[in-house]
Amino acid sequence: MLEINIDALHPADWLPVRAIYQAGIATGQATFEQSAPDWETWDRKHLPACRLVARDVAGEVLGWAALTPYSARAVYAGVAEVSIYIAAAARGQGVGRQLLAALVNASEAAGIWTLQAGIFPENTASVRLHERCGFRVVGRRDRIGQLHGVWRDVLLLERRSVSVGA
């Protein structure tokens, strides 16, 4: 397992974070998004308390994870959607697992009781990662959207906190 440090994602981290995000988008297996936004747009959409980066011992950003609110309705204040992206060179070395576990801990500290993730079924590494961190597949959304003119399914995974909202 690669030795990493996990800490808060700050605006100064945006260039490497955005590059990792854009590389994930380019795979066609990570998201329906077509390009990574600017910092201000990204910042507005993500919960401030749950933004993390994984760094190697030299301080290079290897991955990031963050949460977006599921809904603006107060009843869903404890439900959030996970985004996690790992640099290609760092995949398969435990970075994702450590980062997602830290995000789960941060989410619970912030009062989040349910985490969800929408993952393309073909992205088996991401599905396995989430399952190893306590998520379970709760459904499949068939042909939910098109990516480059091709209909794609999305697996809906969910993790319910055992300490928040119990």
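Glu158 comes out as partly exposed, because its relative accessible area is 25% and that class sits between buried (under 20%) and exposed (over 50%), with a 1.4 Å probe and protein chains only. The model here is a predicted one, so local features need pLDDT of at least 70 and side-chain atom pairs count only at pLDDT 80 or more, while totals for chains, interfaces and linings use all residues. Residues are numbered from 1 along each chain as its sequence is written, and side-chain values use heavy atoms, with hydrogens and water left out.

Glu158 has a partner in Arg136: their side chains meet in a salt bridge at 3.9 Å, N to O, a salt bridge being a side-chain nitrogen of Lys or Arg within 4 Å of a carboxyl oxygen of Asp or Glu. Arg136 lies in strand S6 (residues 136-147) and Glu158 in strand S7 (residues 150-160), so this pair ties together parts that are 22 residues apart in sequence. Strands (E, at least two residues) and helices (H or I, at least four) are DSSP runs, numbered from the N terminus. Arg136 itself counts as exposed, at 52% relative accessibility.

By the salt-bridge rule the count comes to eight. Another of these joins Arg140 and Asp142, at 3.5 Å from N to O. Here Arg140 is partly exposed, at 47% relative accessible area, and Asp142 is exposed, at 54%.

Asp13 and Arg55 make a salt bridge too, with 2.8 Å between the closest N and O atoms. Since Asp13 is in the loop between strand S1 (5-8) and helix H1 (14-27), and Arg55 in strand S2 (residues 51-55), the pair ties together parts that are 42 residues apart in sequence. Both Asp13 and Arg55 are buried. Asp7 joins in as well, as Asp7, Asp13 and Arg55 are linked in a network of salt bridges.

On to the helices. Helix H3 (residues 95-109) packs with helix H4 (residues 124-132) at an angle of about 45 degrees, their axes being 10 Å apart. Axes are lines fitted to C-alpha atoms, for helices over the stretch in contact, and angles run from 0 to 180 degrees between N-to-C directions. H3 and H4 are therefore oblique to each other, the label left over once angles under 35 degrees (roughly parallel), over 145 (roughly antiparallel) and 65 to 115 (roughly perpendicular) are taken out.

Finally, Tyr76 is placed in the loop between strand S3 (61-69) and strand S4 (79-86). Tyr76 counts as partly exposed, at 30% relative accessibility.
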